[in-house]
Amino acid sequence: MVFNEPEVARNFSSPSATAAVVHFGSLSPLIDGSPWSVIAVLRPTGVAEYGGIVARRAGFDVGNHQFSCLLIDGHFAVSADNKERRSKLVPPLDEWSMACAAMSAEGVQFCLGLSTGQVQEESTPAPLPVGTTSTEIMLRVGHLGGSFPGMMGLVCLYSQRLDVAAMRAACAGEINPLDLPGLAFAWQPSASGDSDRVSRRR
């Protein structure tokens, strides 16, 4: 693989699986109005209409949908304030891949690192709005309307737009996503339960 396969993964498509709920009160919050980026190591085992990777929302009304990263009909996508950007990149079924997305007023950059060593890229000039990110609204990992259709081994959220070079390097296994700047939090499953950590590199 181009990156390290996770030692432990969580299967969100299991009938007994529940979303991992993370509160920013004990973690590092995003800066209000900041750009943001997501990196996830995932292995879809099926296709769902909506399969959440990481989401932060107070409800389904307009203005409450702060942001989310997800698969829509198998396509890697992001959304904010009920505006959606769906890429043409499709993480392959039954294989580990690394999906990266970076959002800002300049638009959205997508990257997908495959087990073959290939890195696929896509960008759109259409920006996404960035709202407030108070510590009162929880993050939900693995669920957004529907459970993630498969397994995940890592989810990282950053309070800045990662540049393309950093995303390529992460997809190629040259940089550990946990070492990238601006890390607000990282979620990982473990044998003893899910773990959340805050970057020491603020």
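**Aromatic pairs and salt bridges in a predicted model**

Let me begin with two residues, Phe12 and Trp187, both of which are buried, where buried means under 20% relative accessible area, exposed means over 50%, and partly exposed covers what lies in between, with a 1.4 Å probe and protein chains only. Residues are numbered from 1 along each chain as its sequence is written, and side-chain values use heavy atoms, with hydrogens and water left out.

Rings of Phe, Tyr and Trp, the last taken by its six-membered ring, pair if their centres lie within 6.5 Å, and planes under 30 degrees apart count as stacked, over 60 as edge-to-face and the rest as tilted. By this rule there are 2 aromatic pairs. Phe12 and Trp187 form a tilted one, with 5.8 Å from centre to centre and 45 degrees between the planes. Phe12 sits in the loop between strand E1 (10–11) and strand E2 (20–22), and Trp187 in strand E15 (residues 183–188), so this pair ties together parts that are 175 residues apart in sequence; helices (H or I, at least four residues) and strands (E, at least two) are DSSP runs, numbered from the N terminus.

Phe76, in strand E6 (residues 75–80), and Phe110, in strand E9 (residues 107–113), are 34 residues apart, and both are buried.

Turning to charged side chains, the structure holds 3 salt bridges, each defined as a side-chain nitrogen of Lys or Arg within 4 Å of a carboxyl oxygen of Asp or Glu. Asp73 bridges to Arg86, with the closest N and O atoms 3.7 Å apart, and Glu84 also forms a salt bridge with Arg86, here at 3.4 Å. Asp73 has 42% relative accessibility, Arg86 has 40% and Glu84 has 35%, so Asp73, Arg86 and Glu84 count as partly exposed.

Glu121 forms a salt bridge with Arg168, the closest N and O atoms being 2.5 Å apart. Glu121 belongs to strand E10 (residues 119–124) and Arg168 to helix H1 (residues 164–171), so the pair ties together parts that are 47 residues apart in sequence. Finally, salt bridges that share partners join Asp73, Glu84 and Arg86 into one network.

Methods:
Predicted model: local features only at pLDDT ≥ 70, side-chain atom pairs only at ≥ 80, totals over all residues.
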